Amino acid sequence: MNLKSFKNLSFAILFLYFFLVSIKLLEKGIKTLGAEYTDALFESVSNPFAGLLVGILCTVLVQSSSVTTATIVGLVGSGVLSLEYAIPMVMGANIGTTVTNTLVSFGHARREQEFKRAFAASTMHDFFNLLVVILLFPLDLFTGFITKLAEDGTEFILATGFSVTKPNSPIKAGIKWGSNNILDGLSSVPFINNLSENSYRAYAALLIAIAIAFIFLSLRNVVSNMKSLMLNQIEFGLDKALSKGGGLFAILIGILITFSVQSSSITTSILVPIVGSGILSIENAFPITLGANIGTTITAVLASFAVDNPAGLTIALHHVYFNLMGVAIIYPFKIIRNIPINLAKRLSIITAKRRYIAILYVLITFLLLPLLGVVLFN
Amino acid sequence: MSKESLDNIDAKLSEMLINSMHIYDIAMNCLLGDTNLDTVRDDLYATDKTINELHREVRREMIVHSAVNSRNLDIPLLLSYMTMSKDIERIGDYCKNLFEIAETGNTFAKGEDLDSYIELRNDIGKLIVYLQSCLNLEDEAKIRDLITLGSSMSSDLDDKITGLLENKETIEYPVSTTLFYRYLKRIVSHIVNASTALIMPTDQIDYLDE
């Protein structure tokens, strides 16, 4: 390992630690705010559909489903957000994250054919996630079967005594130590100390703001350092995926790349120019995208290590099961697999002829409809 | 910047040159020796296909490399890879053209110029090997030597072609010989162009004379 790689790895570990500490800070901030106030705050997502749309909006705004899902895990872990309302929000995050690679495809707008392929490569992810939500969201809402699976999974993991899940595990103790030190550091600032003694709500709001900013920044740094560290492996993996075509191998490549860089947007955004140039077909890029959808769930699982409440692990496992099931339902059968691919191709034919439709699509799907929905459902 | 993947592109270019040397040997042996064309035809076309596939692989790797390293991309280097791979690929095409001269029944194996042809064959073969040895080196002087040598060879071939076109020389197969020199000149030019891509500024690649 050379010096640069060592530096990248060290920073990635350091920022991963900060990420976990940030989740703990968020949990503390929420607890400081008090149940009475937080109940009112989350009333707007007490409708599952509104929760779904809020999940989309938040993810579009921060351009990262990992930030959204990690924050949700923190909220669930602090007990302020119940599983029932958190689940649709995580599903919404799945949809919202697809906007990033759609925006990347705009970089190919100059050449019609290239844009057609690039736009289809990005929107097949949108259609896949929409399709999975259409299928599984109502099913889980009415039967709760994924939630039950996630709860059973949590019980199983806790029963095995997996050290990270134990309240007194060294990782949890390390995270607690970090968050306590940050709180002590903040208290040493006269203004913040004054705030904590005289206005606990303002102090809690400040803590929450700092925690969310830390989650965002630490994740960003984890992603950038891991990407630098893994560049050769990513390239090697994609070259292999190109030579082998699609299939399960491509899903595995998608999982591994996303798992290692902690961001599905990185994986799917890399695919856009490759498909745009025509060297990778949309059909063969699709399984890599699905792999990215599975790989991205690791962030929520990691975030759950920072919270004491087992519900944090349950929501993370729900995310894993939901994304795994989506792939298991859509991918094996060609006729179903082709639905998101063909929808993306058809839309790309229209947008390649009239590029403004692509902009309208992004604005309507990722901003206007969710905003309108949130207003209507409340 | 991911160095390993660029090493991989270097390796592919090197493999293209190894195959170029092989296809060049086949074509020249058919023209200057007594090789039975039927025994080498498949090998020649298969080698050309291999070169073409390697060329496509270089392009694919460059796209993947660009997509993965979009933030710190060495664009001049990638452009030089693009032009080098194209030049090397063209060597294979001209070797096919040389083989086609042999297929028309023309042979230079029995003329009195055979020794000079063999010397020319060896010199150009050495250029291909020389280029391959320069790929992984950052020895600008060595590459400049290659460019000088190639340019001089190209100029000599030009003189021979001009002489033939002006009917200054009386030879057995004037058309085939003109084409023979012409194709060899193109091979040398592509070697020189590929060499310029290793050291010249991006806008100067291929424009040695200007």
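Which backbone oxygen does the side chain of Ser218(A) reach at 2.5 Å? The first view below gives the answer. This is a predicted model, in which local features need pLDDT of at least 70, side-chain atom pairs count only at pLDDT 80 or more, and totals for chains, interfaces and linings use all residues. Residues are numbered from 1 along each chain as its sequence is written, chains are lettered from A and ligands numbered from 1 in the order in which they are written, and side-chain values use heavy atoms, with hydrogens and water left out.

View 1. The side chain of Ser218(A) reaches the backbone oxygen of Phe214(A) at 2.5 Å. Ser218(A) counts as buried because its relative accessibility is 3% (buried means under 20% relative accessible area, exposed over 50%, partly exposed in between, with a 1.4 Å probe and protein chains only). Leaving aside residues up to four places away in sequence, Ser218(A) touches Phe15(A), Phe18(A), Phe19(A) and Ser22(A) (contact means heavy atoms within 4.5 Å). Helices are DSSP runs of H or I with at least four residues, numbered from the N terminus.

**View 2. The largest nonpolar core, with 114 residues.** Phe19(A), Leu238(A) and Ile315(A) have the most contacts inside this core. Its largest share, 18 residues, comes from α11(A). Apart from it lies another core, of 61 residues, including Leu44(B), Ile88(B), Ile147(B) and Met200(B). A nonpolar core is a set of buried Ala, Val, Leu, Ile, Met, Phe, Trp, Tyr and Cys residues joined through side-chain atoms within 4.5 Å. Among the residues that Ile315(A) touches are Ile72(A), Val76(A), Leu83(A) and Val90(A).

**View 3. Salt bridge between Glu27(A) and Lys24(A).** The closest N and O atoms of this pair are 3.0 Å apart (a salt bridge is a side-chain nitrogen of Lys or Arg within 4 Å of a carboxyl oxygen of Asp or Glu). Glu27(A) and Lys24(A) are separated by about one helical turn because they are three residues apart in helix α1 (residues 3–33) of chain A. Both residues, Glu27(A) and Lys24(A), are buried. A search of the whole structure finds 17 salt bridges over all chains.

**View 4. Two salt bridges in chain B, Arg90(B) with Asp93(B) and Lys185(B) with Asp158(B).** Between Arg90(B) and Asp93(B), the closest N and O atoms are 2.8 Å apart. Arg90(B) is partly exposed at 26% relative accessibility, whereas Asp93(B) is buried at 14%. For Lys185(B) and Asp158(B), the corresponding distance is 3.5 Å. This pair links distant parts of the chain, with Lys185(B) in helix α6 (residues 174–199) and Asp158(B) in helix α5 (residues 140–165), 27 residues apart. Lys185(B) is buried at 12% relative accessibility, and Asp158(B) is partly exposed at 33%.

How values were computed:
Polar contact = N/O pair within 3.5 Å; in protein donor to acceptor, adjacent residues only side chain to side chain. Helix = DSSP H or I, 4+ residues; strand = E, 2+ residues; numbered from the N terminus.
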